Amino acid sequence: MVSQMPSTGIRERLGELCYNAGLLNPLQKMRAWWQKDLRILAYHRVMPVPDPEHYAFDMELISTTPEEFREQMQLVKERYRPMRLSDVAAAINAGETLPPDAVVVTFDDGYDDNYRIAYPILKELGVPATFFISTGHIDSGRPYAYDWLVHMILLSGAPRLVLPELNMDLPMPATRDERRALAGQVLDRMKEISALAQAAMIRRLETQWKMPSEHAYPPECRPMNWDQLREMRAAGLEIGSHGVNHWMLSKLPRDELEREVFDSRNALLRELGPMPLLMSYPVGSNRAFDRQVIEVTRDAGFDLACSYISGTNPHPADNRYSLYRIAVERYYGKAWFAALLAMPGIIGYQTPAHLASVDEAKPCSH
Ligand SMILES: [Zn+2]
């Protein structure tokens, strides 16, 4: 599916080799001479990896375990310069260059493990971070729609998966593994259609399969609440917008796009008080935001915006409304993570500047 995937094993081994040989630190120092770029890490969920046979939600949202997250943050603290995203914005506004080896830690969506697990670790280590939340889910406590869709496909008793919106009509697979793979395909394909059609498709399945999300608040996919976010903010962490409904902003009519951006901003200010305005586009791939989305985001007063396109930012002032990030995945080991930060261009995916087409960008289903 992704052109870079076959070489991932080689990159991982190269990273491990450099890590085990103690080469990462000198390599990082050497690289800092000629490459001063802002690295922004992107996480979704931090939680123990559950047994996929019993866990009925999207495994791909799990970025790392609590133990690995602590190790990762320790490394960021010891070897890099952790920064608040709002300080990055302030430096850009002042025309200042960022310190070498600046690293920003970010989270998307707003799952409650961010509060329960990530926040205490960040607080203890004194590492700043920004949590991008979909404000409608914080208001309602309802599960995130893509995660709920995966949940429904994993558990549905329907004999077939019939999705005319995506030209899909398949027998429902028997095993959970096959269903997970199918759910991944559905998530990928549905991101081609309009955001409102995506929402309508999920609602239709909820009705047909009698699995309504509005009465279901399973603890496995619970969003944070405003009280938790107020506490995190009081402790110095930053909260930003990830839309209201987690809709792909480029796939909305202009009035709905404006509602998502402005209403999420207003909810943040209403609930949390005045703050620097930071945005992360839901899904965040090349097909999830465009010139119009950037324009509305800037007009709403947002200082910066993150994409989910893989890469680092050599000149963040130039792409302050489409900042590249380094996604952390649950299968990264300690060595791989360290190498990814030390040599992002070699160990990570290619930077977007090198990508020939949208299809080459790292896929993101969230
Ligand atoms: Zn998201």
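Buried means under 20% relative accessible area, exposed means over 50%, and partly exposed is anything in between (1.4 Å probe, protein chains only). This is a predicted model, where local features need pLDDT of at least 70 and side-chain atom pairs count only at pLDDT 80 or more, while totals for chains, interfaces and linings use all residues. Residues are numbered from 1 along each chain as its sequence is written, and side-chain values use heavy atoms, with hydrogens and water left out.

**View A. Two neighbouring tyrosines, Tyr-331 and Tyr-332, pair edge-to-face.** Rings of Phe, Tyr and Trp (its six-membered ring) pair if their centres lie within 6.5 Å; planes under 30 degrees apart are stacked, over 60 edge-to-face, and the rest tilted. With that rule, you get 11 aromatic pairs. For comparison with the next pair, Tyr-115 and Tyr-119 have ring centres 5.5 Å apart and planes at 25°, so they count as stacked. The rings of Tyr-331 and Tyr-332 also have centres 5.5 Å apart, but their planes sit at 85°, so this pair is edge-to-face. Tyr-332 counts as buried because its relative accessibility is 2%, whereas Tyr-331, at 41%, counts as partly exposed.

**View B. Tyr-115 and Tyr-119 share helix H5.** Helices (H or I, at least four residues) and strands (E, at least two) are DSSP runs, numbered from the N terminus. Helix H5 covers residues 113–125, and the two tyrosines lie 4 residues apart in it, about one turn of the helix. Tyr-115 and Tyr-119 are both buried.

**View C. Four rings make a cluster.** Here ring pairs link up Tyr-43, Phe-69, Phe-107 and Phe-131.

**View D. Arg-325 and Asp-108 meet in a salt bridge.** A salt bridge is a side-chain nitrogen of Lys or Arg within 4 Å of a carboxyl oxygen of Asp or Glu, and the structure holds 19 of them. For this one, the N to O distance is 2.8 Å. The partners come from distant parts of the chain, 217 residues apart: Arg-325 sits in strand E12 (residues 323–327) and Asp-108 in strand E5 (residues 102–109). Arg-325 counts as buried at 2% relative accessibility, and Asp-108 counts as buried at 1%.

View E. Arg-254 is partly exposed, with a relative accessible area of 33%, and Glu-295 is partly exposed with 33%. Elsewhere, salt bridges with shared partners join Asp-139, Asp-227, Arg-230, Arg-270 and Glu-271 into one network.

**View F. Leu-14, Leu-17 and Ile-346 form a nonpolar surface patch.** Patches are made of residues with over 30% relative accessible area and no salt bridge: like charges are joined within 9 Å, nonpolar side chains (Val, Leu, Ile, Met, Phe, Trp, Tyr) within 5 Å. Accessible areas come from the Shrake-Rupley method with a 1.4 Å probe, and for residues only the protein chains shown count as cover. Together the three residues have about 280 Å² of accessible area. Leu-17, found in helix H1 (residues 8–20), is exposed, with a relative accessible area of 59%.
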